[in-house]
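Open the model in your viewer and keep the sequence panel beside it. The tour goes from one selection to the next.

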Amino acid sequence: MNTFISRLRAYLVDYFTLTPYLVSQAEAEESIREGVSFRGTNMIILIIAIFIASLGLNTNSTAVIIGAMLISPLMGPIIGLGLAVGIHDFDLLKRSFRNLTMAAGFSVITSALYFLISPVEQGHSELLARTSPTIYDVLIGFFGGAAGIVAIGSRSKGNVIPGVAIATALMPPLCTVGYGLATWQPHYFFGALYLFLINSIFICVATFLGVKAMKYKAAPTDDPTRSRRVRRWIYVAALLTLLPSIYLTYNMFCQSRFEINAGRFVDEECVFPDTHVLATSADWKRGGSSITVTLIGRPLPQDSLVLALSSKLRFYGLEGTTLNIVQGNGMGAMDAATMAGSSLRDIYQMSQAAISDKQAVIDSLKNVISRTHEADSVAATLIPELKVIFPQVRDIAIAHPVMAGTENARLDTLNVALVAFSEPMPAAKRQELARYLDARLRTNDIRIVEIK
C-alpha cells in the first residue's frame, strides 16, 4: 500500500513540478524589469489605450474595452512590485511603485479630460460594473497575478499574459475613476479606485508568492529588518483591501437572496382571479427593504389586500419588508423614469394597438348590422307609399343577397325586391315599380322577384 501511495505521489508531483519548464531567474527578472519602465513609447501606448477604453465605456462596447486591455502595459510595474518584495530589491520596489503611480495618475487625467468633452450623461452597464467590487474581484486579481508570474517564468508563455490583462481588467476601473472625477460623482470615483487597488494589490501578492514558490534568490541586502517590514506592509495592505470586499460580497448575497424570496412571494401569493401582476420591484436596504407590486385588472380592496399579503411575508424570509401595492390609476404616480425604463410602456403600447385593432373590427361589424337593420326596416317604410302609387303590391321585402358564379367563382351583391301582387301587374308597370324602387332606395338595377 505504501509503495502504491509513493508511486501515486511521484506521478502527481511529476505533473506539477515547475523546475524543468522554467527560464532562469536572471531571464525572468530581465523581462519583468523591462516592463516596469513607463517612459517614451510605453507612456504613449498607455495614453492611447486609456482613450480606447474610455471610448468603449462611453459607447458601452465590450469589444473595444477588451482591445484597450490588451494594448495597455499596466501589468508591468504591478508584477515588478511583487518581484521586488519577493527578492528584497528595494530599488526595484521604489521604481515600480513610482512608475505605477505615474501610470495610474496619467490614466485618470487622460480619461477625465476625455469625459469632460464627451457627450456621455449617464453611466452605461460596463461603467457601472466597475464600481461595486466584491470578493470575486479579489480572487480574479489573485489568480490572474498567479497565472501572470508563472507565465513570465515559464519557457512556454502561450496566451497567458493577454488573458491575464483581460481577466484582471486594470484599464476600465481607471477610466471609470476619470469619469467620476469629470462628472463629480464620488460613487464612481471611489468604487472604481477601490477595484483598481484590489486588482493591483492582489496581482502583487500573487507575484510575491509565485516568486517564493519558484525559489528565486533574494538580492543581497544589509537590512533584513527592512525586508520584514516591507512584507508586513504588503500583508496589511492586502488585508485592509480584502475586508471591504467581503462586506460588499455579503451585501450582494443578501440582495440576491431578497430578490429570489420576493419573486417567490409574488408568484405564490399574488394570484387573483381577475387581476394580474404587471410588474414587480424588489429594493433591498438594511433596515428598510421594500417590495412594490403593480396590478392590472379588476381593482381590489387596497387596505385589506396589503394587510393580508403583509402577514405572509415572514413565511418567505421577508420579515420587516414594506409591501406596496399599486393598482388602477395608481400607476400614474409611478416615477416617469421608471416607467420609461421598464417594460410597462411597451405593454401599454401593445395593449393600445390591440384595442385599436379590435375597435376597427367592432366598427366594421356595426356598419354591417346597421345596413342589415336598414334593409329590414326599409320595406315597412315604403308600404304607405306603395299602397297609393302601386295598389297591386300586397307584400314587399328588400334583400341584398351575394351571388357566386359557378364558372369564375366571382362574388357579386344583388339588390332584390321580393314582391307579392294582389293582382297581376303589366310589364310596363313593373318597370315603373323598378325605377321607383331604384330612386327610393338609392340603388342601381334592382331586380323584382315575384313571390306567391
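**Stop 1: a helix pair**

Select helix α8 (residues 135–152) and helix α12 (residues 224–269) in this predicted model. The two pack at an angle of about 130°, with their axes 7 Å apart. That makes α8 oblique to α12. Axes are lines fitted to C-alpha atoms over the stretch in contact, and angles run from 0 to 180 degrees between N-to-C directions. Helices are DSSP runs (H or I, at least four residues), numbered from the N terminus.

Now show side chains. I135, Y136 and V138 in α8 meet L242, S245, I246, T249, M252 and F253 in α12. Contact means heavy atoms within 4.5 Å. By class, this contact has seven nonpolar, two polar and no charged residues.

**Stop 2: two cysteines**

Select C175. This residue is buried, at a relative accessible area of 0%. Go to C254, also buried at 6% relative accessibility. Buried means under 20% relative accessible area (1.4 Å probe, protein chains only). The structure holds zero disulfides (pairs of cysteine sulfur atoms within 2.5 Å).

**Stop 3: confidence**

Colour by pLDDT, the predictor's confidence in each residue, from 0 to 100. The protein's mean is 77, and 82% of residues reach 70 or more. Confidence is highest in helix α6 (residues 90–117), at 85, and lowest in helix α14 (residues 336–341), at a mean of 45. Over residues 329–341 the pLDDT is below 50, and this stretch has nine contacts beyond near neighbours in sequence.

**Reading notes**

Residues are numbered from 1 along each chain as its sequence is written, and side-chain values use heavy atoms, without hydrogens and water. Local features need pLDDT of at least 70 and side-chain atom pairs 80 or more, while totals for chains, interfaces and linings use all residues.

Terms used: Buried means under 20% relative accessible area, exposed over 50%, partly exposed in between (1.4 Å probe, protein chains only). Angles under 35 degrees count as roughly parallel, over 145 as roughly antiparallel, 65 to 115 as roughly perpendicular and the rest as oblique. Ala, Val, Leu, Ile, Met, Phe, Trp, Tyr, Cys and Pro count as nonpolar, Asp, Glu, Lys and Arg as charged, and the others, Gly among them, as polar.
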